[in-house]
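This note concerns the packing of helix pairs. Please consider the points below alongside the structure.

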Amino acid sequence: METLVFLFSFSALGILYTMNTTPEMQEPFVILEIGVAVLVVVFLFYFLITRGNPPKDVLFFVFAEFSFTCVIDLVSALEYDGIISGFMEFYQEKGEPYLGTSYAIMMCYWDGIAHFAMYLMMISRITDRKAYRTLGLFWAGSLCANMSVFITGIVAGKYGSEVQPAFWLNFLFLLMPVLGGVLLFTRPKDRPLIGGYNAQQAQSMKLIWRPMDMILVLLLLVSMAFTILRGLVVLDSPLEACSVYLKQYEPYLKDPVGYPRVMMLELFFYGLPLLGAFVYGLLKPGCEWMSDWTMFFAGAVIQCQWSHIGGSLHSRTTAPFRIPNEAFWTVLAANLIYAATPALVALRVHKDPLFFLKVASFPGQTGLPNSEEKDTKYKEK
């Protein structure tokens, strides 16, 4: 099934080429109508071909539908970068002109490559009746962050006065990952939530005896400080540190397109509490929620940082807002570490989950390992 979805998704090229060469199809409201019609037709196509053996997961249709739009996003990015031509000139003018910003181009590359690969993998898992919950949470975090920054940035940035009817299609791509995330969070976990003696042993170790966790806690604290700094910068804080950082390190934060500002505010108000919660989860044993939220947040931060780093380096970003040459490697390293930290925490939680499991409770259990429990009873006697 994933092969069929992959091949059918490229039929989007034919639709784009037809619209690009037919003037009657290039009016703003006509573009919206065709967009809605195409989404309906794609859904009906997959609904009809699976009637004999319907998928057990309703998200199959979401992934199949969005695979089709991934090709459109990839074509958009390639055409804006001058790699291909003849498919989307009409859309650049009368569809969504803000797709030509550096941030949106990088966002489209992520959607056309990373999300497309995720959809095919999840469709394969659904077809084989295998679990994909962990990958699904990563996708939900990635697309939620993608679309929330994109939609808000359009309205709040310099393109807010140039919104065309096709803009409203974006809300479908925000609604679906939100609903998908809710559905995935409420499903049973891929791994057991309760551990036994091994989990009890792991949770008895103090942080000082867990050097990897100590490093992760340090990285999370640094990430929190970095989040606060950049949040205050976009909030126009009068602090000297904010002024210095904006002028000498990341002037891109004040790019008038609006996307960097919106992204920093979302990380400040939503990401910062999660980073603090992950520190708590690495200190307090038995936080079973860590496995889900670290994966969701890792997807969100990696997508945001991909678009942010790429946007700040892209040739379409005007020179005053690019990273200064003398601070290039410092800013790049800081942003890469910031992107990697949630992913490293998620990897830690999923690779060795014993510390984050609830310990099984048995009648008469005191919470001590068996040998210690026996020694205690002996001493009492």
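1. H13 and H14 are roughly antiparallel to each other, a term for angles over 145 degrees. The model is predicted: local features need pLDDT of at least 70, side-chain atom pairs count only at pLDDT 80 or more, and totals for chains, interfaces and linings use all residues. Residues are numbered from 1 along each chain as its sequence is written, and side-chain values use heavy atoms, with hydrogens and water left out.

2. Helix H13 spans residues 290-313 and helix H14 residues 328-351; their axes lie 8 Å apart at an angle of about 160 degrees. Axes are lines fitted to C-alpha atoms, for helices over the stretch in contact, and angles run from 0 to 180 degrees between N-to-C directions. Helices are DSSP runs (H or I, at least four residues), numbered from the N terminus.

3. The H13 and H14 crossing is left-handed (the near helix is turned anticlockwise from the far one by less than a right angle). Contact (heavy atoms within 4.5 Å) involves, among others, Phe297, Val301 and Ile309 of H13 and Leu332, Leu336 and Val349 of H14. By class, this contact has 18 nonpolar, 6 polar and no charged residues (Ala, Val, Leu, Ile, Met, Phe, Trp, Tyr, Cys and Pro count as nonpolar, Asp, Glu, Lys and Arg as charged, the others, Gly among them, as polar).

4. The axes of H7 (residues 133-156) and H12 (residues 259-283) come within 8 Å and cross at roughly 130 degrees. The crossing of H7 and H12 is right-handed. Residues in the contact include Phe150 and Ile154 of H7 and Arg261 and Glu266 of H12.

Note on methods. Helices (H or I, at least four residues) and strands (E, at least two) are DSSP runs, numbered from the N terminus. Angles under 35 degrees count as roughly parallel, over 145 as roughly antiparallel, 65 to 115 as roughly perpendicular and the rest as oblique.
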